[in-house]
Amino acid sequence: RFLEELDNIDISEMPYMALFADSSFPYYLDRLNGDDVFINDTQDGIKEYPDLLDMSQKAVNLLSTKYEEEGFLLLLEASQVDLCGHDNDIVCLLWEMEEFMKTTEWVLEWAENDAETLVVMLSDHETGGMAIGRDGSFYADDLVRYWDGTQPRDRDPAAAWYSFTNAYGIAPPPSVSPTVDHYGVYKWYPEAVANAKHTADWFSSKTGSSGDFGDIEEIYYALETMYIGANEEDVINNITLLTDVEKTFIEAAMHRSSSTRREAVAALMNARTLTGWTTHGHSSADCAVHAFGPFEDEFYGHWQAHELGLLMSEIFGVETEQAEELSLMEDLFINGSLQICDPRIKPSYIEWNNSVIYPEGNILAGQFCVEAWVDDEDNFMESEDDSA
């Protein structure tokens, strides 16, 4: 019903907040092909979740109508590509980018027609240290692994450096390694990603003690038909199926933690596509910034993140207002007179057992910073003061 409800919103109701899920949306690919694990977007032909494009179009149309003369600032974020990077899931990452690019194309077309709108595209960091055409090395009869030994939180060692299905023939010189049979091959095979119907996170949700798959053979079949790209005919003819090495690797992970299962599934596609990763965290790689429209030439060159903020302030003509706000913050916050919550109370959230009040000097003075607290992991307690 969200599309019908969005269509009924007009500028007289603004400001407006729309919440479409209790937590994060399912990933874009899982929404396209969902089933009983996540609500199926194709059920009865009605989407249960809006796409980024749906929300962006509505926001732009509302803001441009209400603030036609004044102009507006809108932040659009394709946030879950970051989680794909944390999982080292190339399937998840490329499909999230597909949703972002569809939105970007519409935004740029709108801005071109408007002729007075600046569009800036950037990110705050890279996640995963992704590399295409990763090193294809392996030891004789043994997989070269990303990690040595079992990692924290019950993770298995990661998958092979080399593709499970492709062979190479570039040997390094003995001075580099007398034991490595083959060296880097500088190839990337992303075609299989287009055939995947779900992310590694979806498969993790379907497996484990509470999963929908009954046994390991069902898991193999699901991975073959909904992840690595085999169709029914391929399965019958034993084409593009999981190798024995892959099956052994997957079976070892399926009885472990959800993060282990998720990363193991992602490792299958990484090995088959030759996608490499350097971390499950954020990397220090430079991020691109793109600009279109008025003042686009101002964004040439290399920038520190804070410098882009200063540039935007200059373009918007709000330097004076920001300087005044900064001065106020220096007076009230940095010198200690503006506090968010009582600095003397610094336990974790789960340990709070009394309401914490905003101190004098804060614009919310007299109200509570914490409206409710948790006395243990299972019991949620309301604040004694309903006005909180």
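## A charge over a ring

A charge is said to sit over a ring when NZ of Lys or CZ of Arg is within 6 Å of the ring centre and within 35 degrees of the ring normal. In this predicted model, the charged end of K206 sits over the ring of F213, 4.9 Å from its centre.

## Basis of the model

Because the model is predicted, local features need pLDDT of at least 70 and side-chain atom pairs count only at pLDDT 80 or more, while totals for chains, interfaces and linings use all residues. Residues are numbered from 1 along each chain as its sequence is written, and side-chain values use heavy atoms, with hydrogens and water left out.

## Aromatic pairs

Rings of Phe, Tyr and Trp (its six-membered ring) pair if their centres lie within 6.5 Å; planes under 30 degrees apart are stacked, over 60 edge-to-face and the rest tilted. Five aromatic pairs are found in the whole structure. One of them joins F203 and Y227 edge-to-face, at 5.4 Å centre to centre with 75 degrees between the planes. F203 belongs to helix α7 (residues 200-206) and Y227 to the loop between α8 (216-226) and α9 (232-236), so the pair ties together parts 24 residues apart in sequence. Helices (H or I, at least four residues) and strands (E, at least two) are DSSP runs, numbered from the N terminus.

Ring pairs link W202, F203 and Y227 into a cluster. Relative accessible area (1.4 Å probe, protein chains only) sorts residues into buried, under 20%, exposed, over 50%, and partly exposed, in between. F203 counts as buried at 2%, and Y227 counts as buried at 0%.

## Helix α12

Helix α12 (residues 305-316) has 12 residues, which should span 16 Å at 1.5 Å a residue; the end C-alpha atoms are 17 Å apart, in agreement. The expected span is 1.5 Å times one less than the number of residues. L308, L311, S313 and I315 of α12 are buried. An α-helix has 3.6 residues a turn, so residues three or four places apart point the same way. Just after α12, G317 takes a positive phi of about 75 degrees.

## Strand β3

A131 lies in strand β3 (residues 131-132). With a relative accessible area of 32%, A131 is partly exposed. The C-alpha atoms of A131 and T275 are separated by 5.9 Å, although these residues are 144 residues apart along the chain.
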